[in-house]
Amino acid sequence: MELVTINPAMVIGPLLQPTLNTSAAAVLSLIKGAHTFPNATFGWVNVKDVANAHIQAFEIPSASGRYCLVERVAHYSEVVKILRQYYPAFQLPEKCADDKPYVPTYQVSKERAKELGIEFIPLEVSIKETVETLKEKGFVQF
């Protein structure tokens, strides 16, 4: 038996289920009036890329080992900046939760994911899809 492992980062994008998951809740907290954003850096990936990676890992005979799925590593300040660009009406946090230097970003190789044919959906698109699905599911009103 060949074991293949898919390791996604914070998974955002459209929700299939009616309940809120941890990753979408991170975005929701920012758009529902949080006064500050966390001093944290995470890898982010679209749920459609995660689903595609699972399919490809199953269907491609040469797939093996671990595949890290991260479109981009971004600090919460960057997520807020993207939200502000597309949703200027939201009351988004202006400052970080602490006065310490921002937690640094880091690199995650995309090479193994590319072996599966994954072309990542940009973080900006994933954030917009997350906000739109939060609206559709009634978690936020405009």
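Tutor: Start with burial. Buried means under 20% relative accessible area, exposed over 50%, partly exposed in between (1.4 Å probe, protein chains only). This is a predicted model: local features need pLDDT of at least 70, side-chain atom pairs count only at pLDDT 80 or more, and totals for chains, interfaces and linings use all residues. Residues are numbered from 1 along each chain as its sequence is written, and side-chain values use heavy atoms, with hydrogens and water left out.

Student: Why is Trp44 called buried?

Tutor: Its relative accessibility is 1%. The limit is under 20%, so Trp44 counts as buried.

Student: What makes Trp44 and Tyr76 an edge-to-face pair?

Tutor: Rings of Phe, Tyr and Trp (its six-membered ring) pair if their centres lie within 6.5 Å; planes under 30 degrees apart count as stacked, over 60 as edge-to-face and the rest as tilted. Here the centres are 6.0 Å apart, and the planes make 80 degrees.

Student: Why is Tyr76 called buried?

Tutor: Its relative accessible area is 7%. That falls under 20%, so Tyr76 is buried.

Student: How do you know that Arg112 sits over the ring of Tyr67?

Tutor: The rule asks for NZ of Lys or CZ of Arg within 6 Å of the ring centre and within 35 degrees of the ring normal. Arg112 is 4.2 Å from the ring centre and lies over the face of Tyr67.

Student: What makes Ser23 buried?

Tutor: Its relative accessibility is 10%. The cut-off is under 20%, so Ser23 counts as buried.
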